[in-house]
Amino acid sequence: MENLTFMLEEALYRCNKCGFCQATCPFYQATREEWTVARGRLRLMRAVLQGNLSMSDGYAKSLYQCFSCGACSSTCPSGVEVEHILLEGRRELAQKGLAPEPLARLEQTITATGALTGEGGDARLSWTQNLEFSPRQNGNPQAIYFVGCVSSFYPQAYGLPQSMVRLLERAGVDYAILGGDEVCCGYPLFISGFKEEARQIALANVRRVQETGASRLITACPSCFRAWHEFYPQLLGKELDIEVLHSTQWLLEAELPLKPIEKRVTYHDSCDLGRGSGIYDPPREFLSRIEGLELAEMPYARAEALCCGGGGNMESLDVQASQLVGQLRMEQASGTQASLVVTACPQCKRTLAKARSAENRIPVVDIVELAWRSVSENSAV
């Protein structure tokens, strides 16, 4: 608590009130509520933790109405690490039992079932039902494909894991999936402040992968990637002896036999893959390898990209704000005159696809699905 108080005071002292955080905040762009800017959240958190505001008045929810996209931190000229400070504040609130009820319920669901949706075990293999083969689930593979909750449980995302295992098979990779033994990566718990619960999940996941003897872990979910690559070493206090790759990094090394696709596309940067993990070039470099594909960048791309609306557990906390941000991003995509939106995140694909309207019906695909369409005999998009 003392360390957090110091961080808050230092951050508020360094804030020069320039308004850059307001200009980049997706929640503000969707709602125009001025208190939602980063400096407003920091002041609100200080008042709550000092006991000057009552949590019963709904202030806890206000502190969590954030997409955790990191845009405010990346644009702050004073270098205030807003995302990190808010995360530390949420840990204080969670320890005191003050997390908003929807997020407390989500924590209980993940802790009890190991799954974001409350499903577990064999339900994680639902996406394999229409495959022409059964992905390997045993032995001692060189690589583990970590599927993640969104790809495992949401039918709208099934095309991603199906395409991923097909590409792994085509590339001759010695891989396996954890199947019913896989559990949530813990990212939703970590960003909501449930640090110890996330640490227990990290321990379980690392143990499961180490038992297979795999030296690599590949995931197509940026949140899973960031959890394994960044948060697990923090939570466990040591570096992992497992190389963690995002699907876009693997695609670059796979040397797949790509066929032409004549399309004008625009690429959406996932917050956790881009600002969170610094991976901007690999997806673009892979797209450039597909002959006939024309990439039209949105005005807000790379570090300035707008969130899809699905970050920060906001779908559990504020559905309307989530939908509004998704619609704003699809409007930006429509302005490129592209006929396809490509992303590298199952959550971004699902959220942006839901944000389509009668006037804006651009299809949304994951880059892994696009890769499989290019590799397969029928590459029509």
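**Strand pairing and a helix crossing**

Biologist: Which residue in β4 is the bridge partner of L217?

Modeller: In this predicted model, L217 pairs with V244 of β4.

Biologist: What makes β3 and β4 a pair?

Modeller: Pairing needs at least two bridges. Strand β3 (residues 216-219) and strand β4 (residues 243-246) are joined by four bridges and run parallel, so they count as paired. With helix α13 (residues 222-236), these two strands form a right-handed β-α-β unit.

Biologist: How do you know that β5 pairs with β7?

Modeller: By the cut-off of at least two bridges. Three bridges link strand β5 (residues 263-267) to strand β7 (residues 340-343), and the two run parallel; therefore they pair. T266 has V341 as its bridge partner in β7. Both strands belong to an open, parallel sheet of four strands, ordered β6-β5-β7-β8.

Biologist: Why are β6 and β8 called edge strands?

Modeller: Because β6 (293-295) and β8 (364-366) each pair on one side only. From one strand to the next, the twist averages 40°.

Biologist: Which residues of α19 meet α10?

Modeller: V368, E369, A371, W372 and V375 in α19 meet residues of α10 including L160, M164 and L167. The contact residues comprise seven nonpolar, two polar and three charged.

Notes
Residues numbered from 1 in each chain as written. Predicted model: local features only at pLDDT ≥ 70, side-chain atom pairs only at ≥ 80, totals over all residues. Heavy atoms only, no water. Contact = heavy atoms within 4.5 Å. Nonpolar A, V, L, I, M, F, W, Y, C, P; charged D, E, K, R; others polar. Right-handed = clockwise from strand over helix to strand, strands pointing away. Axes fitted to C-alpha atoms, helices over the stretch in contact; angles between N-to-C directions.
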